[in-house]
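Reader: I would like to learn how to read a structure feature by feature. Where do we begin?

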Amino acid sequence: MMFDVLLIGGGVSGVSCALVLGSAKNKPFATEKKIGIIAHQKASSLQNAVFNNAYGIPAGKLGSELLEESLAQLNHSYPHVQQIQGEKVLSISGTAGDFSVTTNKSAYKAKIIVVAIGAGNPFLIEGLENFVAPHQKIPAVKNRIQLKNNDHLVSEGIYVAGVLAGHRSQLAIAAGSGAAVATDILTLWNNGNHVMVHDAVEK
């Protein structure tokens, strides 16, 4: 199966991106789109986090709980977004519209890829080495990296989100980064007409 977009990473930015993409399911330009997320979470920095200063999240919420709850929300609200569990991406090859993503267990095809994993060094996905650079907003002593990008776009068909996009490690920033990438992809699907997806209370 060919995914219209395949997200790599089940942390804050990846799931945020998936939620916004999934929420556009009734838009004419998104109805038939196949969306997948390789929901790898083991290396997420949220595993050891506790949140007291994140907008909309109750004080004391554990990051490990948030990881589980966010994927459950994605599954409940937007079950058409295919969640791929227990796999780690090893390599990416191909060009926009025809990418191949190889994991430790399988292989997938995708027209668009969103890389939303952590910024740890070394970067272990083959095929993107030429885009790796020292992180510009994290102290050098922490030895973090980012992917070179222009407003989240690494190269045609490949986006990066979250800390790996060069943002600081803050939950609200990572979530916003993922949402921004989603709206960019939706805008692309909508022939360049800007897209934002909102729900409203019925009156």
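Predicted model: local features only at pLDDT ≥ 70, side-chain atom pairs only at ≥ 80, totals over all residues.

Reader: Where does His167 lie, and which residues does His167 touch?

Author: His167 sits in the loop between β14 (158–160) and α3. Neighbours up to four places away in sequence are not counted. With those set aside, His167 touches His135, His152, Gly162, Ile173 and Ser177. Take Ser177 from that list. Ser177 and His167 are 10 residues apart along the chain, and their C-alpha atoms are separated by 8.2 Å.

Reader: His152 is on that contact list. What is the phi of His152?

Author: The general idea comes first. Most residues other than glycine have a negative phi, and most peptide bonds are trans. His152 is not a glycine, yet its phi is positive, about 80 degrees. The residue lies in the loop between β12 and β13 (153–155).

Reader: Is His152 buried or exposed?

Author: Buried. The relative accessibility of His152 is 7%, and the cut-off for buried is under 20%.

Reader: Which residue other than glycine also has a phi near 55 degrees?

Author: Asn143, where the value is again positive. Asn143 is in the loop between β11 and β12 (145–147). At 42% relative accessibility, Asn143 is partly exposed.

Reader: And the peptide bonds? Which bond is cis?

Author: The one from Asn121 to Pro122, with omega near 10 degrees. Pro122 is found in the loop between β10 (113–115) and β11 (132–134).

Reader: Now the nonpolar cores. What is the general idea?

Author: In soluble globular proteins, nonpolar side chains tend to be buried together. In this model, the largest nonpolar core has 29 residues. Leu21, Val114, Ile185 and Trp189 have the most contacts inside this core.

Reader: Which helices and strands each supply at least two residues of this core?

Author: β2 (5–8), α1 (12–23), β3 (35–38), α2 (63–77) and α3 (171–189). The largest share, 6 residues, comes from α1.

Reader: Which residues does Leu21 touch?

Author: Leaving out residues up to four places away in sequence, Leu21 touches Val5, Leu7, Ile35, Ala182, Ile185, Leu186 and Trp189. There is also a second, separate core of 26 residues. Leu6, Val115, Phe123 and Leu164 are included in that second core.

Reader: How do I read a pair of packed helices?

Author: Two packed helices are described by the angle between their axes and the distance between the axes. Start with α1 and α3. Their axes come within 7 Å and cross at roughly 40 degrees. The two helices are therefore oblique to each other. Their crossing is right-handed.

Reader: Which residues meet there?

Author: From α1: Val12, Ser13, Ser16, Cys17, Val20 and Leu21. The α3 side includes Leu171, Ala174, Gly178, Ala182, Ile185 and Trp189.

Reader: At what angle do α1 and α2 pack?

Author: About 15 degrees, with the axes 10 Å apart. An angle under 35 degrees counts as roughly parallel, so α1 and α2 are roughly parallel to each other. The crossing here is left-handed. Val15, Ala18 and Leu19 of α1 make the contact with Ser70, Leu71, Gln73 and Leu74 of α2.

Reader: Is Ala18 buried or exposed?

Author: Buried, with a relative accessible area of 0%. Ala18 lies in helix α1. Apart from neighbours within four places in sequence, Ala18 is in contact with Leu7, Ile37, Leu74 and Val81. For a distance across the model, take Lys105. The C-alpha atoms of Ala18 and Lys105 are separated by 22 Å, and the two residues are 87 residues apart along the chain.

Reader: Last, aromatic rings. How many aromatic pairs does the structure hold?

Author: The general idea again. A pair of aromatic rings is described by the distance of the centres and the angle of the planes. This structure holds 1 aromatic pair. Phe3 and Tyr108 form it, at 6.3 Å centre to centre, with 55 degrees between the planes. The pair is tilted.

Reader: Which parts does the pair tie together?

Author: Phe3 lies in strand β1 (residues 2–3) and Tyr108 in strand β9 (residues 107–110), so the pair ties together parts 105 residues apart in sequence. Phe3 is buried at 2% relative accessibility. Tyr108 is buried too, with a relative accessible area of 14%.

How values were computed. Residues numbered from 1 in each chain as written. Heavy atoms only, no water. Core = buried A, V, L, I, M, F, W, Y, C linked by side-chain atoms within 4.5 Å. Buried < 20%, exposed > 50% of the residue type's maximum accessible area, 1.4 Å probe, protein only. Helix = DSSP H or I, 4+ residues; strand = E, 2+ residues; numbered from the N terminus. Contact = heavy atoms within 4.5 Å. Phe/Tyr/Trp six-rings, centres within 6.5 Å; stacked < 30°, edge-to-face > 60°. Axes fitted to C-alpha atoms, helices over the stretch in contact; angles between N-to-C directions. Parallel < 35°, antiparallel > 145°, perpendicular 65-115°, else oblique. Left-handed = near helix turned anticlockwise from the far one by under 90°.
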